[in-house]
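Please read the structure below alongside the questions that come after.

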Amino acid sequence: MVVSRSRALLLFMVTRWGRSLQFVFEEDSWICQSHIAMPSATMTAQEVRAVWTSEKGSMANQTAETRWAKIIQGTIDDVGETAAAEDVDSQKRAESIAIQIALKGIKKGIEQNKPLTPLQDDGKLDIQEWNKQLAAIGNCSWKHCPWLFGECYMYRSIQRILNSSKHWQNYDIFKRQKDSTFVKSRAAVEELTSRYMQIVANTQLAQDESKEEAKKLLFIEMTEIALWGNATDLSLLANLTLEDLQNLQGREAIQKSQQNIVDNDTDDVWAYLQRTSGQASRQIDIVLDNAGFEFFTDLLYAAYLLDAGIATSVRLHTKEFPWFVSDVISEDVESLFEHLDSSECFPSREYIDQLIPRLRKFFQSGAITTTSDSFWTTPYSFHEMPVKAPALFKELQNSYLVIFKGDLNYRKLTRDGLWPHTTTYEEALGPLGKQSGVKILSLRTNKSDVCVGVPTQSKVDELNEKAPGGAWIQNGKYAVVSFNEGL
Ligand SMILES: [Mg+2]
C-alpha cells in the first residue's frame, strides 16, 4: 500500500496517562504527538484547571518554549535602535545599556527555565498584588507556571525595567513593530474604507425601516470585519508574508472565513439589539485588543454602531502600558490618525479623506471616548473582576453591551481553563455569566488552548478531524462570536 507523504495524515489516537496520543505519518516517519486531554463534560467549574506552560502539545508550552524569548529579543533590539539614533539625549543613550542588560536577564531566565521571582518595587502600586498572586501559585518557573500568569508577568517585568529608568518611563517598546505592521495592511485598510464609505453614501443606516434583512446582513458583515481584524495579532505574525497578511485581511477572506466560526451567536446579539433598541442610553464598551489594523477595524465598527443608531455612544478601553506586544495604549489612537493622514502610508486618498473627518467628529463630540483601567493589565482572570475591580464591574453592568476583542480577553473571560469545548459560554464566564447583569460579546480568533460554546460533541469531533492536534483552537483560522446576556 502506498502511504501518502502529505502532512498530518491522522491515523489513530489513543488515550494514555491522561493525554491523547495522536500518531501521524509525516514525511518518512511516524510521529507521536500528544495533545492536551480535555476534562470530562461532567466536571464542575471549580475542577476545570487553567493551562500551564509545561503542558506538552499546548499553545502555552509552544509559547513559552519558542515565542517569549523572541519577543524579549525584539525589545532588546528596539531599545538598541532607538538609543543609536543621532538625536537621542546622551543620558538616555547611557541608560539604554542597563535596560538592555536587564531585558537580557529576562530572556536568559526564560531560556534557562529559571523560577519566577517577586517583582522588585518600581514605585507603582500594583507590584504588591503581582507578588501576592505569585506567592499564591507557589514554586513555579517560566516553563512550568500557569500560562496566563506567566505571560502577564513577562510584560509587567518589561515595564518594571522601563518604570525604574529615568528617561524611558513612557517609552513604547513595541511601537516600532506596531507601526510597521499597520503600514503593511494598506490594501486592506483602503478596501474596507471604500466599502464603508460607499455603504454610508448609499443607505440611510439608521432610518430605513423597510429593509430589516439588509440591516441584519450589514450588522453581520461589520461584526465579521471587527472579528477577523483580530486575526492580525503581531505577537503571532512572525512568519506571515505581506501577501498572507493581505489575504487574511481582505473582504473576500472575511466572507470565506464565516464557515470557521465555531460558536456563532450573531443571531442572538442581533435579537438582543433589536429588542432593546428603544432604550434611551445605549453605551457600547469595546475592550480593545491590538493596535494598527485591528484597531482600525474596531473604529470602523464603532462608527457603524453609531451611524446605524445601534449605539448612542461607544467607549474604547485601552491598556495603561505596552502589553502583549500589540495591544492598544492611549497613544495608539492618535498614532492611527497620523498614519491615516499620511499619503506616504496610504496613497489612495479618495475614501480615506472622507472617513478621517467622520471619525474625528465622533471623538470631538464625545460619541466615541477612550478610557483605561489598571485591571486590564493585571494577571487576574475576569472571574476575579467583581472582587478585584468592583467599580469597573459595576460600570460594565451598566453598559448596553460590552464587546471583548481578541484572544487574551477571551482567555481571561474563561479563566484560561481547559473546559470541555461543549461547555456553554455562560458557564465558562463564571461570575460574569449567569445573572451577572453584564451583556458580553466576544469577538475572538482562536489562538490559545481554550475554546467553549461549540454546540455539539459531533461538531467538536468534526473540527478535530478537519484541524487535528487542537489546530482549530490554536492556529487563528477559527473564531468565536460568543454572546451572553447575563440574565
Ligand atoms: Mg493583543
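Q: What average pLDDT does the chain have?
A: This is a predicted model, in which local features need pLDDT of at least 70 and side-chain atom pairs count only at pLDDT 80 or more, while totals for chains, interfaces and linings use all residues. Residues are numbered from 1 along each chain as its sequence is written. pLDDT is the predictor's confidence in each residue, from 0 to 100. At least 70 is scored by 83% of the residues, and the chain average is 87.

Q: How many contacts beyond four places in sequence does the model have for residues 1-35?
A: Two residues are in contact if their C-beta atoms, placed from the backbone, lie within 7 Å. Over residues 1-35 the pLDDT stays under 50, and the number of such contacts is 48.

Q: Are helices H1 and H4 roughly parallel or roughly antiparallel?
A: Helices (H or I, at least four residues) and strands (E, at least two) are DSSP runs, numbered from the N terminus. Axes are lines fitted to C-alpha atoms, for helices over the stretch in contact, and angles run from 0 to 180 degrees between N-to-C directions. H1 (residues 59-84) and H4 (residues 147-163) pack at about 5°, with axes 12 Å apart. Angles under 35 degrees count as roughly parallel, over 145 as roughly antiparallel, 65 to 115 as roughly perpendicular and the rest as oblique, so H1 and H4 are roughly parallel.

Q: Which residues of H4 meet H1?
A: On the H1 side, the residues are Ala60, Thr63, Ala64, Trp68 and Thr75. Their counterparts in H4 are Trp147, Gly150, Glu151, Met154 and Ile158.

Q: Which residue of S10 is the bridge partner of isoleucine 440?
A: Two strands pair if DSSP finds at least two bridges between them. S9 (residues 440-445) and S10 run antiparallel and are joined by six bridges. S4 (residues 261-264) pairs with S10 in the parallel sense over three bridges. For isoleucine 440, the partner in S10 is asparagine 484.

Q: Why is strand S10 largely enclosed by the rest of the structure?
A: A residue is buried if 20 or more other C-beta atoms lie within 10 Å of its own, exposed if 12 or fewer, and partly exposed in between, with C-beta atoms placed from the backbone. Ala479, Val481 and Phe483 point one way from S10, and Val480, Ser482 and Asn484 the other way. S10 (residues 479-484) is largely enclosed because the buried residues number six of the six.

Q: Which elements do the buried residues of H16 pack against?
A: H16 (residues 406-413) has eight of its eight residues buried, so it is largely enclosed by the rest of the structure. Among them are Asp407, Arg411 and Lys412. Those buried residues pack against H4, S5 (283-287), S8 (401-405) and S9.
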